[in-house]
Amino acid sequence: MKKLLYRHETYVLLVIIVLAIVITAINPSFFTVENLFDLLKSTSLMGTFAIGMLFVLISGGIDMSFTAVATVTGYTIAVLLLKHGDSMNMALVFLVAGGLGILLGMLNAVFIYFFKIPSIITTIATQNIFYGLLTVVSEGKWLYGFPEWFDEFSSIRVFTLYSETGAPYGLSIITVIWFVLLVISWFILKHTVLGRSIYAMGGNIGSAQRAGFNIFGLTLFVYGYMGLMAGIGSVIQALLVQTVAPNSLVGKEMDVIAAVVLGGASLMGGTGSIPGMILGVSLIAILSNGLTLMRVPSQWYEVVIGLVIIISVGVSAYRRKKITRKRVITESN
Amino acid sequence: MTVPFLSLKRVSKQYAGVTALDSVDFELQKGEIHCLVGENGSGKSTMIKIISGTIDPDPGSIIEIQGEPVQNYKAINAIDKGIQVIYQDLSLFPNLTVAENIALCELVGDHKRYVQWENMKKIAEKAMARINVSLPLDALVGEISIADQQLVAILRSLTRDVNLIVMDEPTASLTKHEVDSLLAVVKDMKAKGITTMFVSHKLNEVLQIADRVSVIRDGKMIGVYPAHELNDKKLTFLMTGKKVEYRNFTPELKSNVPILECRDLSRAGDYKDISFDLRPGEILGITGLLGSGRTELALSLFGITKPDKGEILINEKNVKIRSVQDALKFGIAYVPEDRHVQGLINVQPVGDNIIITTIDSLVNKFRLIDKKKKRERIQQLVENLAIKIPGVDSPVQTLSGGNQQRVVLAKWIATNPRILILDGPTIGIDIAAKFSIHEIIRELAKQGIAIILISEEIPEVFNNCNRVLVMRKGIIVREFDTAKVTMDEIQDYVNGTF
């Protein structure tokens, strides 16, 4: 019980529960299976980005360029779909987007490792370069009208239920993709030497170096993984809205970083977990969904998000401080 | 004599023309506890690096392990030969559990792919069983005590076959009690045939259990001595090449009116019922273990924390010290325990660090900083405290520990304090520098400043103070007149074994 109070995640969960009760009291349609599946589907995009961000934050870095990477990969597959759509399939789309994402992510890693530029500077720079080049090439044009099979894939449901009005709903394939990524990433972080090495590196990079960890390899992996998630995310985005717009993602980095930090990851590196991250992403998702259901004007959305972050991060930091203080005193006695 | 486990023969090392090691001979017998002592910059770290294979010695140097000369000796060869180095910073991962810290490096070294948490615990338990210690395996390393962290670092090196453990300044941040348990562990390792090499710039408890001591000075090996033949005085002479004699401190009291009085000062969880007085020209020592309340009391006197009850009198007037600004107004200055975190702005030049406390008095009529005044003030303080610096523009972090501490002192002396609180003023400083800091402190007392010297090192308070307060669990257990007591008596009160 004490351990639970010590954990940041407990507070996020608490906030989620309170929020769910309040929203349901105002608009009962929040607490329905239909809304849940809907929420899961639309959250998959941010949730996928958040996986990559979690890896980067645990390793002690940060990536501001992933939205630009996702814009580049998204635009690339959109162009390919429009030109050669009939000879392509879903696997190929994921392969191209993911592969290109990994490459761009690793480029970040190379800059960060060899030139020892702090990751925040490096990735702000590469964000501008990737996004700038794309704007030049694309001339800011929106792309749509993808092949029918691409649209059909997005509406695949693992099982289907019908609402009272007869409208079909269910667990979307997009949500399933996110879930699979979550499980794989959880396994990497928790049960592989690679994953634990990422934590170790984020905890104390100097010690990791002395202990013989391959720091370059780890950096490549972490930013490559972030790139992969950006690539897959761009496909999810295209599936969800069936449109690729060069300006739809850049600028949304902060939401993702906030969600991951809310889930217990530290900007100082070394901490964070997949379950925590899921809570963080859920809180942001429920909040925005709930505000819409409660008919709060959308202008208030950001104010509320900010307040929730301050409150939940603040409360757990305060609790932690108190507990650590108590422990120091009892130990010295 | 048997073949030594490791021997260095005529080992030299030059860095860009500067000789760090000059034809050093050094031997470690199997299973012995060996101390290498020397001042900062004497070549100790270079020796560690050569033994651990992280740097190459100059051509002509010979390294032999178990009688066999080794060629092209690298870190990986050292690990293969069972040589492990525990650095002063311990190189642990604060965010991982005890079990992981112990086992992870081995898993990485063996190119394992997956982590079995149960297996990790087994590795950790095996290592713990080897030296009869027990730590909570699931606790985060960042949340256990420094002493336990040290054990984790030792345990980590025990997961493989280890013949020699080199410990760099292992006791620097441990309390007396913790040092004792560390020494017990080392004795245990000795019984298992593991050689231990302590490297230190301090004369410390480690000497009690050492078999032999090698002394290094200015890159040259001065000699190897059986530990029981050495005492503090002799060792200090060997390390510094200078005779240093302590004279006991007798204050020249300027007046009998106390400048500072505390009456029944208490703060829950920190200290309780503290009463003492302090006269100008006195050096009052406060000693006690970490967490005894010594630093917490100082923080209250400097206005950082508020006492719950009790009175503070300055010049016989009841005052409230609510903030650091208040404390400065009353002429109180505080030199903190951790100079890097609390005392200095490391990347800033020496000069700017010195004047930071008095910058308000250096402005001209346009409220801008008067460059000339600033230069003069800095020059004067640098000379007064004999700070050795390449120039006032060099960043503080490039100075040695002793000179950094002088900069901190200078910065507070600039405020012309009437009460100066020094918290662990010589932590991490080598002996020669330490003595000169003591000289400065005595000189300040002579000028009529009332000084509170807080230190964990009993010789430090014993030799420099006329009175010593011993704190334990937040209360003052005893006040001593240093002329009428021995160091051992004070030690007993500190440990609570009276």
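Modeller: In chain A, 42% of the 333 residues are buried. The model is predicted, and what follows should be read with that in mind. The secondary structure of chain A consists of 14 helices and four strands. Along the principal axes, the C-alpha atoms of chain A fill a box of roughly 75 × 55 × 35 Å. Of the contacts in chain A between residues at least 6 apart in sequence, 76% join residues at least 24 apart.

Now the chain you asked about. Chain B has 16 helices and 20 strands. Its radius of gyration, 25 Å, is close to the 23 Å that the globule rule gives for 498 residues, so chain B is as compact as a globular protein of that length. The box filled by the C-alpha atoms of chain B, again along the principal axes, is roughly 70 × 50 × 50 Å. Buried residues account for 44% of the 498 residues in chain B. Where contacts in chain B have a separation of 6 or more, 70% of them are between residues 24 or more positions apart.

Chain B is divided into two domains: domain 1 covers residues 6-240 and domain 2 covers residues 260-495. Taken over C-alpha atoms, the centres of these two domains of chain B are 34 Å apart. Nine residues from domain 1 of chain B and nine residues from domain 2 of chain B take part in the contact between them. On the domain 1 side, helix α7 of chain B (residues 232-240) gives the most, with three residues. The side of domain 1 of chain B that touches domain 2 of chain B comprises two nonpolar, five polar and two charged residues.

Some local detail follows. Strand β3 of chain B (residues 33-37) runs parallel to strand β9 of chain B (residues 212-217), and four bridges join the two. In this pairing, B:Leu36 stands opposite B:Ser214 of β9(B). Strand β9(B) is also joined by six bridges to strand β10 of chain B (residues 220-226), this time antiparallel. There, B:Val215 stands opposite B:Gly223 of β10(B). The hairpin of β9(B) and β10(B) has two residues between the strands, and B:Asp218 in it takes a positive phi near 50°.

Helix α1 of chain B spans residues 44-51, and its buried residues are B:Lys44, B:Thr46, B:Met47, B:Ile50 and B:Ile51. These five cover an arc of only 160° around the axis, so they lie on the same side of α1(B). After α1(B) comes B:Gly53, with a positive phi near 75°.

That leaves the contact with the other chain. In chain B, 20 residues are in contact with 22 residues of chain A. By class, the side of chain B that touches chain A divides into ten nonpolar, six polar and four charged residues.

Conventions: Residues are numbered from 1 along each chain as its sequence is written. Chains are lettered from A and ligands numbered from 1 in the order in which they are written. This is a predicted model: local features need pLDDT of at least 70, side-chain atom pairs count only at pLDDT 80 or more; totals for chains, interfaces and linings use all residues. Two strands pair if DSSP finds at least two bridges between them. A residue is buried if 20 or more other C-beta atoms lie within 10 Å of its own, exposed if 12 or fewer, and partly exposed in between; C-beta atoms are placed from the backbone. Two residues are in contact if their C-beta atoms, placed from the backbone, lie within 7 Å. The radius of gyration is taken over C-alpha atoms; the globule rule is 2.2 Å times the number of residues to the power 0.38. Ala, Val, Leu, Ile, Met, Phe, Trp, Tyr, Cys and Pro count as nonpolar, Asp, Glu, Lys and Arg as charged, and the others, Gly among them, as polar. The arc is that of the directions from the helix axis to the C-beta atoms. Domain bounds come from an automatic or database domain assignment.
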